[in-house]
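Dear colleague,

I am handing over the structure we spoke about, and my notes on what was found in it follow directly below.

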Amino acid sequence: MAIKLYYSPLACSLADHIALHETGQEFERERVDLKSKRTESGRDYNSVTTKGYVPALVLETGETLTENIAVLDWIASRHPKLGIAGPLGRTRVLEALTYVSTELHRSFLPMWHSENTEEKAKASETITNRLAFFSDGLKTDYLFGDRPSVADFYLFVMLLWAERFQILVPTSLVQLRDRIRARPAVQAAMSAEGLL
Ligand SMILES: N[C@@H](CCC(=O)N[C@@H](CS)C(=O)NCC(=O)O)C(=O)O
């Protein structure tokens, strides 16, 4: 049985979708309608994960993984080219993933769900400020050198969201977004999600 990703177009699960394409390994995917909690095959998504949100990754063993940080860490541990080497390598990737999840991803909630213009303007400013952590000192093509890690893909989804909501993004991260977007695996994942 191949591993299977449950995703929703342009949701944070796009990071996992890209990472799986980058590995070159075989995988299945199934789209989830987050409003109705139905999958494209008509299954009740709550029976895949009671959390009801994406991503969920069903492993070859039948076990289900949730939470972006855990899923991306699992993919990188299986495919070290998507992590970084060295004694602190995994910790640095987890540090970046956690920052994306807790400081950036969460900050987008009003952009997706609020009707309050003031709240959205405040969120937009917060996101711009928090992105500076990644742009300050970015001297390589990707966050950790000349090839991307799973953290780059999670950050990339945040940069796509920033583009969608016209949030100010530091120039070096606009370049990072374009560089990641041009990768064949990213094009493949975005095309499969109907984003191109
Ligand atoms: N804690 C989860 C949150 C995932 C999450 O926010 N997923 C969103 C899409 S980006 C979702 O499925 N929302 C639908 C819902 O919560 O009902 C993680 O880090 O993976």
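This is a predicted model: local features need pLDDT of at least 70, side-chain atom pairs count only at pLDDT 80 or more; totals for chains, interfaces and linings use all residues.

A polar backbone atom of valine 54 is 2.9 Å from a nitrogen atom of the ligand, while a polar side-chain atom of glutamate 67 lies 2.5 Å from a ligand nitrogen atom. On the oxygen side, a polar side-chain atom of lysine 37 lies 2.6 Å from an oxygen atom of the ligand. The ligand taken alone exposes 510 Å², of which the protein buries 74%. The residues around the ligand also include Ala11, Cys12, Tyr53, His105, Arg106 and Trp161.

Turning to the packing, the largest nonpolar core has 54 residues, and Leu104, Phe134 and Leu155 are those with the most contacts inside it. Among the elements that each supply at least two residues of this core are strand S1 (3–7), helix H3 (89–105) and helix H5 (117–135), but H6 gives the most, with 12 residues. Domain 1 (3–80 + 185–192) and domain 2 (84–183) each contribute at least three residues to this core. Phenylalanine 134, leaving aside its neighbours within four places in sequence, is in contact with Ala96, Tyr99, Val100, Leu104, Leu143, Leu155 and Leu173.

A second, separate core of 8 residues includes Val32, Val54, Ala56 and Val58; Val54 is also one of the residues around the ligand.

With best regards

Definitions and conventions:
Residues are numbered from 1 along each chain as its sequence is written. Side-chain values use heavy atoms; hydrogens and water are left out. A nonpolar core is a set of buried Ala, Val, Leu, Ile, Met, Phe, Trp, Tyr and Cys residues joined through side-chain atoms within 4.5 Å. Buried means under 20% relative accessible area, exposed over 50%, partly exposed in between (1.4 Å probe, protein chains only). Helices (H or I, at least four residues) and strands (E, at least two) are DSSP runs, numbered from the N terminus. Domain bounds come from an automatic or database domain assignment. Contact means heavy atoms within 4.5 Å. A residue is near a molecule or strand if one of its heavy atoms lies within 4 Å of it. A polar contact is a pair of N or O atoms within 3.5 Å; within protein, one must be able to donate a hydrogen and the other to accept it, and residues adjacent in sequence count only if both atoms are side-chain atoms. Accessible areas come from the Shrake-Rupley method with a 1.4 Å probe; for residues, only the protein chains shown count as cover.
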